[in-house]
Amino acid sequence: MTDTQDVVIIGGGLVGLSIACHLAEKGVTRIVVLEREAMWGRGSSARSAGGVRLEFSHPSSVQFSQYGLEMFRRFEDLFGISASFNPCGYLFLTRDPQRWDRMQQLAAMQQMLGVPVELLSPADLARRYAYIEMPDLVGATFCAQDGIADPASVAYGWARRARELGVKIRLSELVTDITQTRGHVSGVVTASGSVIQAAVVVNAAGPQARAVGALAGIDLPVDPYRRSVYVTTAFDGLPPQIPMTLEFENTSYIRREGSAILMGMSDRLEPISENTDTDQESLEKLVDTVLRWVPRLETASIMRGWAGLYEVSPDDTAIIGEAQALPGFFYAVGFSGHGFMHSPAAGRVVAELIAGEAPFVDISPFALERFRYQTTGEAFVI
Ligand SMILES: Cc1cc2nc3c(=O)[nH]c(=O)nc-3n(C[C@H](O)[C@H](O)[C@H](O)COP(=O)(O)OP(=O)(O)OC[C@H]3O[C@@H](n4cnc5c(N)ncnc54)[C@H](O)[C@@H]3O)c2cc1C
């Protein structure tokens, strides 16, 4: 079966669906999203903790989040389904004086971009969040505009709009090859035997971005790491509304999930793998870590948990652009655990690039070519 499209998007997760939607809204008609699973949004997108925050190290990342936050707030007006945005705020805690210096410098940049980030002393924290017991805390930042939203509703809203605008979403289609003609991308081949010709192919394959890049001969430095999340039964030992709270040094976080508590961790000892199993070891490590700073959770019971993959780049920042070595091959990958909040802006800038327009945000911090030089890692990531 041979088919001809204007744009092929590989990956039906949040990033691929956002690109499809933004492109279709620009009037591009022949777009196909190819997803290897039998449902869209089943990869990392289904495992997200739903956090949306404005604190980042690069101004462009801050602007990406501002665009995403605004879209999630207005999602129901725009797409007819609520993203359930809850402005519970984000609270970052650190015990490290050097990190605290950097957070304060970055707060000045963030404030210049309109982010209402507050700097909190240990005394402020004790007064506002008495349930956090961290005697060696050095400082904290809080942003009241941040919050949490529902990734599944966002994926559904974009998929529905994209289809209304004529985008085809083909499920159970594993892309096995990317073809080239005279140095330009020319289409893809799938495991079911489909050959789709297109002058534009987009890699939005999340944790599988490196493998999909290799099909085009483009090395995209993105590796998958397991990240686990657990949810308690209803728990009234903490206030009903608490911020999404992250502590950097042991890389754990908590937030409310309805009347329960959701907790997660980015265990730095996890090897590169596509393992998405939960296990006793990861659960015990997470619980031990969280109890050290929220001892009141001692009486909570774990009800369920899941694991998914972070798609991590060397500096914890996305890689977005068109391959210099293969015109027509675009990528939006390596979101490093913040791809939900950045998926709206990623969709917009990739659509702008494909349409030959200037991106609405400076995307040079996301260039693949930056890895030829020394890069500064993202500070606000665990
Ligand atoms: C536990 C956890 C918590 C997280 N919490 C947050 C958070 O609080 N806030 C936030 O912003 N982000 C969070 N993230 C990160 C966020 O979920 C991801 O960054 C985002 O979902 C990436 O979306 P994606 O579309 O790039 O990837 P995916 O959703 O993985 O989509 C890629 C798709 O490509 C498909 N695919 C791969 N290879 C092929 C192929 N060859 N052919 C066809 N299809 C293919 C896959 O099946 C998959 O569906 C979290 C992630 C995890 C795991």
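**View 1. Two domains make up the protein.** The domain assignment gives domain 1 as residues 2–50 + 152–222 + 315–372 and domain 2 as residues 88–147 + 223–312. These bounds come from an automatic or database domain assignment. The model is predicted, so local features need pLDDT of at least 70 and side-chain atom pairs count only at pLDDT 80 or more, while totals for chains, interfaces and linings use all residues. Residues are numbered from 1 along each chain as its sequence is written, and side-chain values use heavy atoms, with hydrogens and water left out. Taken over C-alpha atoms, the centres of domain 1 and domain 2 lie 30 Å apart. In the contact between them, domain 1 takes part with 17 residues and domain 2 with 17 residues. Contact means heavy atoms within 4.5 Å.

**View 2. The interface of domain 1 and domain 2.** The size of an interface is often given as the accessible area lost when the parts come together. Here domain 1 and domain 2 bury about 1300 Å² between them. Of this area, 47% is on carbon and sulfur atoms. Buried area is the accessible area (1.4 Å probe) that two parts lose on being put together, summed over both.

**View 3. Polar and charged links across the interface.** The side of domain 1 that touches domain 2 has 6 nonpolar, 8 polar and 3 charged residues. In this grouping, Ala, Val, Leu, Ile, Met, Phe, Trp, Tyr, Cys and Pro are nonpolar; Asp, Glu, Lys and Arg are charged; the others, Gly among them, are polar. The count of salt bridges between the two domains is 1. A salt bridge is a side-chain nitrogen of Lys or Arg within 4 Å of a carboxyl oxygen of Asp or Glu.

View 4. Side chains of opposite charge can pair when their charged atoms come close. R210 forms a salt bridge with D223, with the closest N and O atoms 3.3 Å apart. R210 also meets D219 in a salt bridge, at 3.1 Å from N to O. R210 counts as partly exposed because its relative accessibility is 30%. Buried means under 20% relative accessible area, exposed over 50%, and partly exposed in between (1.4 Å probe, protein chains only).

View 5. D136 sits in the loop between α5 (122–128) and β7 (139–143), and R95 in the loop between β5 (90–94) and α4 (97–112). The two residues are 41 residues apart. Helices (H or I, at least four residues) and strands (E, at least two) are DSSP runs, numbered from the N terminus. Is R95 buried or exposed? R95 is buried, because its relative accessibility is 19%. E249 forms a salt bridge with R95 too, with the closest N and O atoms 4.0 Å apart. E249 lies in the loop between β15 (244–247) and β16 (252–257), so this pair ties together parts that are 154 residues apart in sequence. E249 is partly exposed, at 29% relative accessibility. Shared partners join R95, R99, D136, E247 and E249 into one network of salt bridges.

**View 6. Two buried serines, S61 and S228****.** S61 is in helix α2 (residues 59–73). With 2% relative accessibility, S61 counts as buried. Leaving out residues up to four places away in sequence, S61 touches F56, H342 and F366. S228 belongs to strand β14 (residues 223–232). S228 is buried as well, at 8% relative accessibility. Beyond its neighbours within four places in sequence, S228 contacts M263, G264, M265, S282, W306 and A307.

**View 7. S273, a serine in a loop****.** S273 is found between β17 (260–265) and α8 (280–293). S273 is partly exposed, with a relative accessible area of 22%. A polar atom of the S273 side chain lies 3.1 Å from the backbone nitrogen of N275. Not counting residues up to four places away in sequence, S273 touches P224, Y225 and L309.

How values were computed: A polar contact is a pair of N or O atoms within 3.5 Å; within protein, one must be able to donate a hydrogen and the other to accept it, and residues adjacent in sequence count only if both atoms are side-chain atoms.
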